[in-house]
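The entries below follow the order in which I checked things.

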Amino acid sequence: MSQDIRVTVWNEFRHERNDEEIGKTYPDGIHGAIAEGLNAIDGITARTATLDEPEHGLTEEVLANTDVLTWWGHMAHREVDEAIVDRVQKRVWEGMGLIVLHSGHHSKVFKGLMGSPANLHWREAGERERLWVVNPGHPIAKGLPAYFELEYEEMYGEPFTVPEPLETVFVSWFQGGEVFRSGLTYRRGAGNIFYFRPGHETYPTYHDANVGQVLRNAVNWAYQGDRHAHLMKAPNTPVAEAIEAIEERGAKLSAADHAGEVKS
Ligand code: ZN
């Protein structure tokens, strides 16, 4: 690849500053740990952005230069500005990849793109999670064993109220007995979306080698070189420009002088 995939790692960055234990696990923030893992390999250049930066660090310019956005949020979903949510959604529709992590299932960005509440059952007990690779041929599963375990995780249980995914890559089993579809792919507009379940803030999940492999794989899978800004327009094709010659007939709602107009 001639140019690196440009990733922006977005994080709420509140828990790490407010809780001493979490701060010790992630001294550079969850975003810092994720970006470090992505930057460790050739072909990916990751930068970070956080909630308390102006425009949440997601300016038009930053998003215009982002191929894949990763999203971690939990306690401050409501503080994310609607204008930024709309901006991110528009970029996804144009073809920007989006990787939604753990409690990001309740972010405005994810719920909006799913069109559903994205609810689930949960329990914080530091129990073992076993992630089964249920789609071993999928690019997001590349290089992974048949299953891998995270010794300490929060439990998420079904039903997960999201639309049926395009593909299910991982299914998790938890020590307490629940199961969860923990790696799901979607497409919204031209954009690839991957939801990946692990990543509770009190556990060192983003220091795990297999999780790092999943994130790198997901970035490569979600990446598309082209943006499709034209898909954001709804142009009128005038009668005179129809491919085959046609005559206007019948009633119509739009005035003749609207011909060629673009609906926004
Ligand atoms: Zn959590």
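I began with strand E5 (residues 121–133), which is joined to E6 by eight bridges and runs antiparallel to it; strands here are DSSP runs (E, at least two residues; helices H or I, at least four), numbered from the N terminus, and two strands pair if DSSP finds at least two bridges between them. In this pair I found Arg123 opposite Met155 of E6.

I noted that this is a predicted model, in which local features need pLDDT of at least 70 and side-chain atom pairs count only at pLDDT 80 or more, while totals for chains, interfaces and linings use all residues. Residues are numbered from 1 along each chain as its sequence is written.

Next I traced the whole sheet, which is open, has nine strands in the order E2-E1-E3-E4-E9-E8-E7-E5-E6, and shows mixed pairing. Strand E2 (44–50) and strand E6 (147–157) stand at the edges with a single partner strand each, so one side of each lacks a neighbour in the sheet.

I then followed strand E7 (residues 167–174), which pairs with E8 in the antiparallel sense over six bridges, with Ser172 having Phe180 in E8 as its bridge partner. The two strands form a hairpin with four residues between them, and Gly177 in the turn has a positive phi of about 115°.

E8 is joined to E9 by six bridges, again antiparallel, and Tyr186 has Ile193 in E9 as its bridge partner. In this hairpin, with two residues between the strands, I found Gly189 with a positive phi near 60°.
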